[in-house]
Amino acid sequence: LRNSFAPRAEKRNQRFENRLQPQASSFKVAVLGAAGGIGQPLALLIKMSPLVSALHLYDIANVKGVAADLSHCNTPSQVLDFTGASELANSLKGVDAVVIPAGVPRKPGMTRDDLFNINASIVKNLIEAVADNCPDAFIHIISNPVNSTVPIAAEVLKQKGVYDPKKLFGVTTLDVVRANTFVAQKKNLKLIDVDVPVVGGHAGITILPLLSKTKPSVSFTDEEVEQLTVRIQNAGTEVVEAKAGAGSATLSMAYAAARFVESSLRALDGDADVYECSYVQSELTELPFFASRVKLGKNGVEAIISSDLQGLTEYETKALEALKPELKASIEKGIAFAHKQP
Ligand code: NAI
């Protein structure tokens, strides 16, 4: 099985409908925050996956209509809706993968860290339920600030005695999707061929696209590196400002998360060739969490790819050192939050 969301040259002519043919549709996926701006299109894209047998949609409100609507699509998965805290546990029972886009998005002038106070509590509560009901599931965290919400999730899972660092993922795929798009545009490359690893974290300067590791190999002037790096780091803000108070990226985010979830399901299905960038527990640097390319397998992270950090340019080396204090502070803030709560 190839990733439907990362098309390659040889499948360019594959018909859209081919993706909808029933295959081994055997995985159950829960989306928490499914009625939101990301949740709805993400649920639609997951509903299109031939690997999914059941799609559990959970939100605190408005999820019934979303589920009724989606359930009319003639793709294999069954759609079930769950509303409010009393139905949270049932939404999680037996699921193989959980995706969490619950929480508030940014408005103009806000940083991702400004969301901390609200989203930290939401993620903590949801992860407690995940720990109690599906401790073996792959957990994909979208809720910002990802740099802190992933460490919060790790601490909550530790407190519950079910933490498996190989199965906890911060979703940074949108940074890769953006980097691929902007580089292809800038260098006039075929979009489907371009792959740029993005490492570090998921906010401002902690987002570090490794342009020197772009595939296919391509050279950039110093000005191009500076311009592309800054654009990739600020791309979320570009969308926040364009939406002018109506939220942050939802459609491109749903696309990116669907790609990551599909990769996780392919890994669970036994595909031996699945790689994604993700913010995970890591020993690649001195920081306990770090985004990099990882190899996914049936048990989650099978390997963290260290080669991308070797042979960096001077620009990348400096940017890597510069992001560490901010990322470290965000990690520590998340851990402290998880410990101070009752
Ligand atoms: P939204 O406000 O449109 O939707 C959020 C949904 O979460 C709503 O339906 C709301 O009812 C639900 N929700 C709130 N509290 C909940 C709870 N306790 N349990 C379950 N659901 C709950 O926001 P949007 O645009 O969908 O963004 C969601 C999150 O994703 C934000 O934190 C945003 O910053 C983040 N995000 C992350 C990105 C990434 O690259 N990782 C990119 C873009 C956004």
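**Helix 5 and helix 9**

I looked up how helix 5 (residues 146-159) meets helix 9 (residues 314-340) in this predicted model: they pack at an angle of about 40°, with their axes 7 Å apart. Axes are lines fitted to C-alpha atoms, for helices over the stretch in contact, and angles run from 0 to 180 degrees between N-to-C directions. Helices (H or I, at least four residues) and strands (E, at least two) are DSSP runs, numbered from the N terminus.

Helix 5 and helix 9 are therefore oblique to each other. I noted the classes: under 35 degrees is roughly parallel, over 145 roughly antiparallel, 65 to 115 roughly perpendicular, and the rest oblique. The crossing of helix 5 and helix 9 is right-handed; a crossing is right-handed if the near helix is turned clockwise from the far one by less than a right angle, and left-handed if anticlockwise.

I listed the contact residues: helix 5 supplies Asn-147, Ser-148, Thr-149, Pro-151, Ile-152, Glu-155 and Val-156, and helix 9 supplies Leu-327, Ser-330, Ile-331, Lys-333, Gly-334, Ile-335, Phe-337, Ala-338 and His-339. Contact means C-beta atoms, placed from the backbone, within 7 Å. By class, this contact has eight nonpolar, six polar and two charged residues. Ala, Val, Leu, Ile, Met, Phe, Trp, Tyr, Cys and Pro count as nonpolar, Asp, Glu, Lys and Arg as charged, and the others, Gly among them, as polar.

**Numbering and confidence**

I count residues from 1 along each chain as its sequence is written. As the model is predicted, local features need pLDDT of at least 70 and side-chain atom pairs count only at pLDDT 80 or more, while totals for chains, interfaces and linings use all residues.

**Helix 8 and its partners**

I then turned to helix 8 (residues 251-268), which packs with helix 6 (residues 173-187) at an angle of about 110°, the axes being 8 Å apart. That angle makes helix 6 roughly perpendicular to helix 8. Helix 6 passes helix 8 in a right-handed crossing. On the helix 6 side I found Thr-173, Leu-174 and Val-177, and on the helix 8 side Ser-252, Met-253, Tyr-255, Ala-256, Ala-257, Arg-259 and Phe-260. I sorted the contact of helix 6 with helix 8 into seven nonpolar, two polar and one charged residues.

Helix 1 (residues 39-47) also packs with helix 8, at an angle of about 35° and with axes 8 Å apart. I read this crossing as right-handed. Pro-41, Leu-42, Leu-45 and Ile-46 of helix 1 meet Leu-251, Ala-254, Tyr-255, Ala-257, Ala-258 and Val-261 of helix 8. The contact of helix 1 with helix 8 has ten nonpolar, no polar and no charged residues.

**Ligand shell**

I found 33 residues around the ligand, the closest being Gly-33, Gly-36, Gly-37, Ala-102 and Asn-144; a residue counts as near if its C-beta atom, placed from the backbone, lies within 6 Å. Helix 4 (residues 116-133) gives the most to this shell, with four residues. The shell splits into 18 nonpolar, 13 polar and two charged residues.

I checked the peptide bonds and found a cis bond joining Asn-144 and Pro-145, with omega about -5°. Pro-145 sits in the loop between strand 5 (138-141) and helix 5. Another cis peptide bond joins Lys-215 and Pro-216, with omega about 0°. Pro-216 lies in the loop between strand 8 (207-209) and helix 7 (222-243).

Asn-62 has a positive phi of about 65° although it is not a glycine. I placed Asn-62 in the loop between strand 2 (52-59) and helix 2 (63-70).

Key. Contact = placed C-beta atoms within 7 Å.
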